[in-house]
Amino acid sequence: RLDSHWRATGYYVDATIFESLSTTKVSSFGLGIRHHSKNGLSWLFTLIRGDVTLRIPISLVQRPTNALFYSIQSAYVSFLSFVIQEAIADLWKLDGGLGADRNAIRKEQRKLQQGKMRRDAEKQKKLMSKQAKIRLQKEKDKNGLVIIKGVYQVEGGDTWDVTTQLQFGTYKSCLELPASSKQDLLGFYNVAAGLESNDDNDEMKGLRQYWFFDERTKEKGPVPTLYIEYEYAGEKYQTTVQDEDPVSLPSSHETASELEEVE
C-alpha cells in the first residue's frame, strides 16, 4: 500500500508491504515493513480480526540520510521478515490458505503433463511398429532374440507396454539399454510423473523447503522397473531391472542355465 499526503511541514510518502497468514476464518496475522519519508523504516506487526485491524509498528531506522545504506537496511529487514514469517507459518502449519490450491494445481499439471508424454510415446510406438515386426520375424527365423513381453511400470503409477519398443531395439540377436532412466528411450515416458512429490506433503511446507536442499535428505518415491520376458535359442526367460540399471540380452558372460527361466 502506498499513501502520500501534504502537511504544512512538507510532503510525505508512506509505503507499507506485508504478507498475511490466516490463523482462522475470521482472523489473520501479518508481518511486514513500513517506510515513511519522515519517520524512516519500521517493522509492522498486523493483526486482523473481523472488521478490526491492529497495527503495531516497531521503529528500526530513523529518517534516512544515506540512500544506499538505507536501501541495504530495507532489503535486510525485508528478508528477515520473510524468514520470520515462514518460520511462524512452519510452526503453526499456516500457508495463508494457498497450500491446498497450490497442491491441486500441481496435481492437475502433473496429470496433464503425463497425458501428453503418454500420447507422444504412443505416436513413437506406432512409428516403430513396422520395423519392430520386421526384426521380430528375422529373429524368429534364426532362432534369435524374441521379445515376448515388455512392461515399464511403477508402483502406484502407470503401466506401459514396451514390447514393440524393445523388439525394435534388438540388433543381431542382442538388446543393449544404457544405465540410465528408461523414460528417455524412444517410445517410453515417465510412468512416475503422476505420483505425488515431496512438495505436496505438509512436512515440506514453509521454511523447511529451503533447509532440505541436499538431495540425500529427500525421501525418494517408488522406482520404476522394466520387466522383460523373452525367448532366445528356443528357451524362454524373464528378468526385471531397476529403472537406471543397464540391460544386456542375452548376457555375454552368463550361460542359459544361469538366467532366470520362466516355468
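**Aromatic rings and their partners**

Biologist: How should I read burial here, and is Tyr189 buried or exposed?

Modeller: Buried means under 20% relative accessible area, exposed over 50% and partly exposed in between, using a 1.4 Å probe and protein chains only; Tyr189, with a relative accessible area of 2%, is buried. This is a predicted model, in which local features need pLDDT of at least 70 and side-chain atom pairs count only at pLDDT 80 or more, while totals for chains, interfaces and linings use all residues. Residues are numbered from 1 along each chain as its sequence is written, and side-chain values use heavy atoms, leaving out hydrogens and water.

Biologist: How many aromatic pairs does the rule give?

Modeller: Rings of Phe, Tyr and Trp (its six-membered ring) pair if their centres lie within 6.5 Å, with planes under 30 degrees apart counted as stacked, over 60 as edge-to-face and the rest as tilted; the count is three aromatic pairs. Among them is Tyr152 with Phe188, edge-to-face at 5.4 Å centre to centre and 65° between the planes. Tyr152 is buried at 0% relative accessible area, and Phe188 is buried at 6%.

Biologist: Why is the pair of Trp160 and Tyr189 edge-to-face?

Modeller: The planes of Trp160 and Tyr189 stand at 75°, with ring centres 5.3 Å apart, so the pair is edge-to-face. Trp160 is itself buried, at 4%.

Biologist: Which charged residue lies over the face of Trp160?

Modeller: A charge sits over a ring if NZ of Lys or CZ of Arg is within 6 Å of the ring centre and within 35 degrees of the ring normal; Lys125 lies over Trp160, 5.2 Å from the ring centre.
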